[in-house]
Amino acid sequence: MKVWVTSFFALLVWLTSFSVTAHAADELVVYSARNEQLVRELFDTYSKDTGTRIRFITDKAGPLMQRLKAEGANTPADLLITVDAGNLWRAAEEGVLQPVDSAVLSKNIPAHLRDPGNRWFGLSVRARTIVYSTTRVKPEELSTYEDLASARWKNRLCLRTSKKVYNQSLVATMMARLGEKKTDEVVRGWVANLATDVFSNDTSLMKAIEAGQCDVGIVNTYYYGRLKNKQPDLAAALFWPNQKTSGVHVNVSGAGVTRYAKHRDSAVKFLEWLSTPPAQKILAESNMEYPANPQVKPHPMVAAWGSFKQDTLNVSNAGKLQSSAVMLMDRAGYR
Amino acid sequence: MNTSVSQRNTRPELGISGSLDVGVWQWRLASLAIAAIVAAPILIVFAAWLGPSSETWPHLASTVLPGLLRNTFVLIVGVGSGVFILGVGLAWLTTMCEFPGRRFFEWALMLPLAIPAYVLAFVMVGLLDYSGPVQGGLREMFGSSAWFPSVRSEGGVVIVMTLAFYPYVYMLARTAFIGQGRNVLDTGRVLGLSPWASFLRISLPMARPAIAAGIALALMETLADFGAVSIFNYDTFTIAIYKAWFGFFDLAAAAQLASLLLLFVAVALVVEKQMRGRARYDVTGKLTNEPRFHLSGWRAAGASLAAGTVMMLAFVVPVARLALWAWESALSDLDSRYFRFFFNTLFLGAVAAGLTAFAAVLLAYTYRLRPERLTRAAIRFATLGYALPGSVLAVGIMLSFVWLDQQINSVAMSVFNVKLAQVLTGSLVALLLAYVVRFMAVAYGPVDSAFERIKPSLLQAARSLGASNWQILWRVSIPMLRAGMFSAALLVFVEVMKEMPATLLLRPFGWDTLATRIFEMTAEGEWERAALPALTLVLAGLIPVVMLVRRANKRWT
């Protein structure tokens with residue numbers, strides 16, 4: 001028994017040796033809230049091309065931001081990658097990112113997809129749009145997000161939970177456009193039209209539409225693409241709403257250089273590379289999203305859903321109004 | 001020496017007292033240090049009250065909070081009764097009775113422990129919801145009017161959580177029942193009690209510390225759960241915490257809400273301890289190898305059926321579903337990295353289990369060396385963290401490590417004039433410490449209830465023979481605690497393997513585990529692809545379970 005205890009403590013001493021971290025010059029440290037299978041190919045490609053070694057951890061955006069904030073000047077992280085404009089806006093607000101003035105980034109990323117203060121840049125675009133049952137709904141019946149609140153969709157609408165940040169951003173941008181009163185009416189109308197309790201994810205929502213539990217819903221395009229890939233005979237299709245008005249609501253995944261980056265120059269270089277065609281192609285195709293760089297074409301399957309007019313309101317509005325949007329949805333009884 | 005003996009005689013309920021022995025202060029220091037490390041993140045959570053108040057509070061109170069409190073209450077009552085009935089009932093059947101399949105169920109009923117609650121929830125909702133295969137099949141047979149109970153409902157979430165968490169009670173109750181042996185029951189029988197009456201009036205009350213510890217773990221896990229309740233869209237108090245954090249970016253309000261949760265748990269635990277009163281639970285006599293109650297006829301069939309049904313729903317169905325998914329769509333993910341995930345998971349689990357169990361024994365033993373308010377309060381406080389939602393505690397732990405790093409840095413700067421940056425944060429040591437903090441409650445429960453069953457006179461005898469505190473711990477207590485310690489270590493082992501938020505936030509670069517792999521897949525809703533790491537996790541979880549079972553059998557039969 002004593003041998004065991006001794007070896008146990010010996011093991012612990014050995015483990016402490018892991019804590020010593022070396023800072024190599026051609027190295028980048030990334031905190032990523034975009035998950036591993038969607039960033040690894042980018043990192044590998046860049047490492048192979050430039051010899052820069054990239055080390056990273058993944059987690060949810062909230063905890064990663066807290067860690068960056070707590071670590072302050074001691075942080076090993078050079079770059080923060082995260083999904084959703086609200087999270088990017090919050091990271092900038094918390095002061096964990098620094099501005100990057102780069103001609104390459106300004107040229108490659110449209111103005112409405114990046115921070116007005118250049119602290120973060122959208123890198124891939126996801127549209128949150130209407131999905132409908134091809135057996136029970138004609139596309140002519142559809143028009144706007146707001147219209148889904150009208151009485152003809154009574155007991156025919158399915159929504160995902162309001163706890164998901166994608167819905168919070170959607171409602172936040174509606175508030176920026178329509179004002180609080182009108183948005184409140186729309187959200188209450190949605191709640192009144194629900195065919196069943198809200199869903200925890202977009203995929204089960206689409207499955208419910210196919211099974212006949214409801215007829216229309218709102219989803220991110222890449223979830224549709226994934227399901228359609230698996231079930232080519234899926235009896236549901238995408239519709240681009242608000243084409244005569246504001247355009248389809250879009251959100252981004254993006255990145256920013258951390259305020260205390262130890263390898264600032266190579267972080268900026270990597271960020272610039274991420275906005276160029278080869279990286280944009282990988283970024284968009286790995287998750288069936290739209291490239292943020294307009295020169296790059298989306299994956300053929302994604303392109304086949306048709307082109308659409310997107311909402312050009314700066315995506316950072318989603319962050320500014322996020323908590324008001326959550327409060328509005330709470331009051332409207334949208335769970 | 002004499003005074004010390006008489007002192008013992010006047011305070012028998014305290015176990016070994018001997019408070020004046022040389023060396024006790026070192027024990028106190030050691031255990032207070034452990035308690036302080038474990039308590040620091042919880043203190044950080046409470047410290048949120050020092051900050052400014054925000055508009056998040058009034059908003060939550062006027063909109064969602066009343067409903068959340070009601071839901072949480074229902075969940076606690078439902079899951080509490082559920083795990084009590086399943087856990088104690090099955091433990092009794094497999095320890096005291098003989099029925100077809102008992103030897104298999106004995107260990108197999110622990111296997112659901114390896115299945116995270118959110119995985120079970122996802123599989124069940126996927127199978128049984130409107131668009132799932134079961135209801136789809138029913139509609140095909142009986143037309144679209146076929147009725148089916150709503151799955152995403154109160155009943156559904158209670159059943160799934162009961163199935164996920166009953167093993168805590170099952171395991172601890174089993175250890176207690178085995179420890180009692182048949183002879184206490186025989187005493188009851190000799191006194192004219194029926195088997196039922198002797199179960200209700202002797203075995204059950206005697207196993208109370210263990211059962212209470214098991215239910216406490218199950219309920220703390222229920223309170224902390226975020227994954228399973230989100231899949232059911234069942235809004236509990238945890239939802240308010242996450243809403244404050246991720247919806248309003250108000251971590252302070254989230255921490256304040258979380259601390260209320262802890263306060264509630266603390267009160268519940270104190271009340272339970274008070275209700276036990278001054279009762280003692282030590283066991284006298286030798287464990288005998290008496291034959292079990294032989295069930296026959298419908299009773300035997302009923303026992304097998306009950307155990308079989310639980311086993312089916314809580315383990316076979318989810319594993320089969322995962323296996324099918326893994327085969328259909330996730331096998332392409334399998335490559336050499338999985339060796340690393342597998343190794344990391346087992347390695348972290350094993351080391352953390354050893355550390356935590358050892359620390360728990362130290363805490364429980366010090367308390368028995370010298371029971372006093374400060375030690376007790378420190379321990380109580382230190383074991384509360386388990387009821388915190390994982391991400392909140394993970395951030396608390398991270399903050400305390402960052403603070404320590406800053407102290408280390410300022411010392412290094414002023415004394416040696418070197419800049420170290422981060423020493424602890426992001427190191428393996430920090431991750432392991434985080435596990436000790438997170439799972440202290442899990443280890444302390446079984447160890448403490450095992451201590452309760454040691455007769456104080458045994459330790460007093462050792463003391464009077466001149467044994468030192470260390471010798472008493474090493475040569476008397478630990479051998480008698482073995483079953484409890486193994487339960488503790490096993491539970492921590494399995495919990496660490498499933499643990500997600502702290503692992504994600506604190507793992508060193510490259511230390512991905514099976515649980516973080518599950519996170520990568522489920523973060524974007526790709527549940528089918530998470531089947532492979534989830535299944536591998538269940539397989540890895542079998543290792544400690546089988547180890548424990550073999551150990552327990554060797555010792556007791």
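**Close-up views of a predicted two-chain model**

**View 1. Helices α2 and α16 of chain B cross at roughly 35°.** In this predicted model, the axes of α2 (residues 24–46) and α16 (residues 373–382), both in chain B, come within 8 Å. Their crossing is left-handed. On the α2(B) side, look for R28(B), S31(B), L32(B), A35(B), V38(B), A39(B) and I42(B); the partners on α16(B) are T375(B), A378(B), I379(B), F381(B) and A382(B). Nine residues of this contact are nonpolar, two are polar and one is charged.

**View 2. The largest nonpolar core has 291 residues.** Helix α18 of chain B (residues 428–452) supplies its largest share, 18 residues. Chain A takes part too, with at least three residues from each of domain 1 (24–125 + 252–297) and domain 2 (127–249 + 315–331).

**View 3. Here are the contacts of V492(B).** Neighbours within four places in sequence are left aside. The residues in contact with V492(B) are then A352(B), A353(B), T356(B), A357(B), F439(B), V442(B) and A443(B).

**View 4. Chain B meets chain A.** Here 46 residues of chain B are in contact with 46 residues of chain A. Several helices of chain B each bring at least two residues to this side, among them α12 (237–247), α15 (337–369) and α17 (390–416). Which helix gives the most to the side of chain B that touches chain A? That is α17(B), with seven residues. Taken together, the residues on this side of chain B comprise 25 nonpolar, 14 polar and seven charged.

Terms used
Residues are numbered from 1 along each chain as its sequence is written. Chains are lettered from A and ligands numbered from 1 in the order in which they are written. This is a predicted model: local features need pLDDT of at least 70, side-chain atom pairs count only at pLDDT 80 or more; totals for chains, interfaces and linings use all residues. A nonpolar core is a set of buried Ala, Val, Leu, Ile, Met, Phe, Trp, Tyr and Cys residues joined through C-beta atoms within 7 Å. A residue is buried if 20 or more other C-beta atoms lie within 10 Å of its own, exposed if 12 or fewer, and partly exposed in between; C-beta atoms are placed from the backbone. Helices (H or I, at least four residues) and strands (E, at least two) are DSSP runs, numbered from the N terminus. Domain bounds come from an automatic or database domain assignment. Two residues are in contact if their C-beta atoms, placed from the backbone, lie within 7 Å. Axes are lines fitted to C-alpha atoms, for helices over the stretch in contact, and angles run from 0 to 180 degrees between N-to-C directions. A crossing is left-handed if the near helix is turned anticlockwise from the far one by less than a right angle, and right-handed if clockwise. Ala, Val, Leu, Ile, Met, Phe, Trp, Tyr, Cys and Pro count as nonpolar, Asp, Glu, Lys and Arg as charged, and the others, Gly among them, as polar.
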